[in-house]
Amino acid sequence: MLKKSSLVVWGVVLFVAWNALILFFLWTRPPSFSDHSHLTEEVIRLAQDAEVELERQKDILQQISHYSALWSRRKANEAQRHHVFPAASVQPSTAAPLPRHSQISTDAVLPVVVIACDRSTVRRCLDKLLQYRPSKKRFPIIVSQDCGHEETARAIASYGDAVMHIKQPNLSDIPVPTDHRKFQGYYKIARHYRWALSQVFQTLKYQAAIVVEDDLEVAPDFFEYFQATFPLLITDPTLWCISAWNDNGKEQMVDVAHAELLYRTDFFPGLGWLLLSDLWDELEPKWPKAFWDDWMRQPEQRQGRSCIRPEVSRTMTFGRKGVSHGQFFDQYLKFIKLNDRFVPFTQMDLSYLKKDEYERSFLAQVYGAPELRVEELQGNQRRELGTVRVQYTTRDSFKAFAKALGVMDDLKSGVPRAGYKGIVSFLYRGRRVYLAPPSDWTGYDPRWS
């Protein structure tokens with residue numbers, strides 16, 4: 001209030017001073033200044049100059065006001081995220097602090113955003129979503145289409161009001177560096193994601209959203225899974241997404257008899273994932289021009305946060321055609337096992353996935369398991385040991401062991417796919433294996449990528 005009063009006072013002072021200068025000019029003009037028309041022109045010119053200057057100052061004040069409001073909102077969001085409050089508002093209390101996102105109800109609407117382009121086979125994706133969707137009100141389906149492909153547009157329109165069809169308006173090519181011309185598609189995908197998620201969160205004002213692409217088929221308990229894990233995302237600030245995907249989810253590498261198993265992972269999986277609107281508020285201003293998923297995996301974005309992922313994937317991809325030209329599809333993706341039985345996750349206690357409890361239990365299991373060499377594992381030796389651990393110590397040893405055991409061996413910012421604390425869990429010839437660093441592991445090394 002004091003600052004506002006000071007601004008008003010200074011404005012009055014400047015106004016009076018300016019008028020005084022004009023009067024001084026009129027009173028002190030030289031006697032030879034008898035040409036009234038010339039005097040009038042001078043006064044008009046001075047007035048116009050003053051008007052231009054005042055408009056410029058007005059624009060500056062408006063910009064200051066705008067950015068001041070943005071900074072105030074950002075500080076408020078940060079205070080809420082980290083439970084930091086202004087000193088004047090802190091009151092002694094024995095009550096537990098409010099959880100992050102406490103303003104979001106666990107019954108919030110969770111729209112499914114289908115990112116589409118030029119695949120008329122989007123029908124396969126939409127048919128399964130509509131077949132398994134328990135509630136149109138709780139899970140509205142929004143299809144965001146890029147590319148302007150008419151056949152795909154007609155396929156989407158054929159669903160009528162069962163889905164909402166929105167179209168990315170900017171279909172132009174994107175200027176890219178010469179050596180990135182072959183990656184034009186990745187630039188357009190990043191632009192489309194930015195537009196679509198901004199529509200969902202900033203225009204339609206949803207508080208959370210599940211993102212899938214048009215070449216994904218979902219499992220019978222896809223909605224059940226997200227409905228049950230959504231409260232974890234709201235209350236645990238160390239989580240930033242829930243994913244339906246297991247990168248090492250080949251049928252022979254997962255325990256299909258225990259499809260209820262869920263894990264924390266430091267690797268951003270994508271391929272059917274849930275995020276909150278405040279994460280989009282954080283990411284949107286710095287959203288990349290291309291390769292958005294690898295960008296998400298960088299430490300600057302992840303900030304030590306994790307995702308939840310299932311033992312058995314709740315999505316599978318059927319889209320070999322795409323900008324990646326089938327990268328990984330023939331070797332990995334087409335072999336991913338899609339869960340085929342309904343797991344009643346909403347009737348289960350999933351609190352074990354909260355960071356502290358999870359790490360106590362999971363790390364004890366991993367480092368309590370006997371260590372075995374890769375050669376012994378490949379030779380199907382020491383079966384009596386049950387669950388075992390294979391230890392790696394370097395980037396090269398991780399990649400060699402992963403390749404030998406059928407695990408995806410690529411690293412993004414030093415993080416292995418499906419890994420948590422450097423540990424990758426999978427089945428090998430029917431027994432649980434943990435590919436893990438030493439127990440005194442201190443963190444990921446981005447140079448391993």
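**Exercise 1. Glutamate 376**

Find which helix holds glutamate 376 in this predicted model, then work out whether its side chain is buried or exposed and what it touches.

*Solution.* 
- Step 1: Glutamate 376 sits in helix 11, residues 374-378.
- Step 2: check the accessibility. The relative accessible area of glutamate 376 is 12%, and buried means under 20%, so glutamate 376 goes down as buried.
- Step 3: look for partners. Skipping residues up to four places away in sequence, glutamate 376 touches Gln381 and Arg382.
- Step 4: look at the backbone too. A polar atom of the glutamate 376 side chain lies 3.0 Å from the backbone nitrogen of arginine 373.

**Exercise 2. Helix 5 and what follows**

Run the length check on helix 5, list its buried residues, and say what phi lysine 205 takes.

*Solution.* 
- Step 1: with 20 residues (184-203), helix 5 should span 28 Å at 1.5 Å a residue. Its end C-alpha atoms are 27 Å apart, so the check agrees.
- Step 2: the buried residues of helix 5 include Tyr187, Arg191, His192, Trp195, Leu197 and Phe201.
- Step 3: step off the end. Just after helix 5, lysine 205 has a positive phi of about 65°.

**Exercise 3. Salt bridges**

How many salt bridges does the structure hold, and which parts of the chain does the pair of arginine 314 and aspartate 221 tie together?

*Solution.* 
- Step 1: the count is 26 salt bridges. As background, side chains of opposite charge can pair when their charged atoms come close.
- Step 2: take arginine 314 and aspartate 221, whose side chains meet at 2.9 Å, N to O. Arginine 314 is in the loop between strand 9 (306-310) and strand 10 (315-317), and aspartate 221 is in the loop between strand 5 (216-218) and helix 6 (222-235), so the pair ties together parts 93 residues apart in sequence.
- Step 3: check accessibility. Arginine 314 is at 0% and counts as buried; aspartate 221 is at 0% and counts as buried.
- Step 4: Glutamate 311 and arginine 432 form a salt bridge at 3.0 Å, N to O. Glutamate 311 is buried at 1%, and arginine 432 is buried at 11%.
- Step 5: now aspartate 340 with lysine 337, at 3.3 Å, N to O. Aspartate 340 is exposed at 56%, whereas lysine 337 is buried at 16%.
- Step 6: look for shared partners. Arg119, Asp214 and Asp215 are joined into one network.

**Exercise 4. Phenylalanine 401**

Is phenylalanine 401 buried, exposed or partly exposed, and what is it in contact with?

*Solution.* 
- Step 1: phenylalanine 401 belongs to helix 12, residues 395-405.
- Step 2: at 24% relative accessibility, phenylalanine 401 counts as partly exposed.
- Step 3: leaving aside neighbours within four places in sequence, phenylalanine 401 contacts Val374, Val390, Gln391, Tyr392 and Leu435.
- Step 4: for leucine 435, 34 residues away along the chain, the C-alpha separation from phenylalanine 401 is 8.1 Å.

**Exercise 5. The cores**

Which residues touch the most other members of the largest nonpolar core?

*Solution.* 
- Step 1: that core has 54 residues, and Val114 and Leu129 touch the most other members. Helix 6 supplies the largest share, 9 residues.
- Step 2: zoom in. Contacts of valine 114 beyond four places in sequence include Val122, Leu126, Leu129, Ile141 and Val212.
- Step 3: another core of 26 residues lies apart from this one, with Ala209, Trp273, Trp287 and Trp295 among its members.

Key: Residues numbered from 1 in each chain as written. Predicted model: local features only at pLDDT ≥ 70, side-chain atom pairs only at ≥ 80, totals over all residues. Heavy atoms only, no water. Helix = DSSP H or I, 4+ residues; strand = E, 2+ residues; numbered from the N terminus. Buried < 20%, exposed > 50% of the residue type's maximum accessible area, 1.4 Å probe, protein only. Contact = heavy atoms within 4.5 Å. Polar contact = N/O pair within 3.5 Å; in protein donor to acceptor, adjacent residues only side chain to side chain. Expected span 1.5 Å × (residues − 1). Salt bridge = Lys/Arg side-chain N within 4 Å of Asp/Glu carboxyl O. Core = buried A, V, L, I, M, F, W, Y, C linked by side-chain atoms within 4.5 Å.
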